[in-house]
Amino acid sequence: MGAAVSFGLSLITATVLLVDLLRAPAGTGSPDLGAPLYLLFAGTLGGIVLSGVVAWRLMEPFSSTYRRGGLAVVSAFATVLLMLICMPVNQLFGRLGLLVLLGIAGLAALLLARLARRLAAGA
């Protein structure tokens with residue numbers, strides 16, 4: 001489940017980083033809400049869905065659809081809670097902090113998914 005949450009967090013962190021890059025500089029008048037807003041909505045929803053799908057796929061050894069679905073939903077909701085880290089990281093450390101968070105989450109996702117597949121193959 002940790003791998004799924006990490007994948008979702010990676011996508012959401014990348015989305016926040018892109019939205020920050022697309023945002024108009026301060027003091028240039030009214031902010032442009034078009035592309036950054038849609039990107040933020042799509043990236044957030046995409047991260048939540050990605051987390052659920054990855055959790056579903058990693059739990060293939062379970063024969064119970066109910067368990068797989070329940071744990072996939074829990075994984076998606078855990079991503080929602082964990083994605084709140086992006087706001088203070090962006091405020092405190094800016095784009096560099098988001099890049100570091102993206103790297104950490106991506107590396108954790110790959111390592112945990114590899115470990116989960118290795119454990120599933122050995123079972």
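The count of aromatic pairs comes to zero, where rings of Phe, Tyr and Trp (its six-membered ring) pair if their centres lie within 6.5 Å, with planes under 30 degrees apart counting as stacked, over 60 as edge-to-face and the rest as tilted. This is a predicted model, in which local features need pLDDT of at least 70 and side-chain atom pairs count only at pLDDT 80 or more, while totals for chains, interfaces and linings use all residues. Residues are numbered from 1 along each chain as its sequence is written, and side-chain values use heavy atoms, with hydrogens and water left out.

A ring does take part in another kind of arrangement: Arg-68 lies over the face of Trp-56, at 4.0 Å from the ring centre, a charge being placed over a ring if NZ of Lys or CZ of Arg is within 6 Å of the ring centre and within 35 degrees of the ring normal.

The protein chain holds four helices and zero strands, both being DSSP runs numbered from the N terminus (helices are H or I with at least four residues, strands are E with at least two).

Across the whole structure there are three salt bridges, each defined as a side-chain nitrogen of Lys or Arg within 4 Å of a carboxyl oxygen of Asp or Glu. One of them joins Arg-95 to Asp-20, with 3.0 Å between the closest N and O atoms. This pair links distant parts of the chain, since Arg-95 sits in helix 4 (residues 86-122) and Asp-20 in helix 1 (residues 2-22), 75 residues apart. Asp-20 is buried, at a relative accessible area of 8%, whereas Arg-95 is partly exposed at 40%; buried means under 20% relative accessible area, exposed over 50%, and partly exposed in between (1.4 Å probe, protein chains only).

Arg-57, Glu-60 and Arg-117 are linked in a network of salt bridges. Glu-60 meets Arg-57 at 2.6 Å, N to O, and the closest N and O atoms of Arg-117 and Glu-60 are 3.8 Å apart. Because Arg-117 lies in helix 4 and Glu-60 in the loop between helix 2 (34-58) and helix 3 (65-82), this pair ties together parts that are 57 residues apart in sequence. Glu-60 is partly exposed at 37% relative accessible area, as is Arg-57 at 43% and Arg-117 at 39%.

Turning to the chain as a whole, 32% of its 123 residues count as buried, and its C-alpha atoms fill a box of roughly 60 × 25 × 20 Å along the principal axes.
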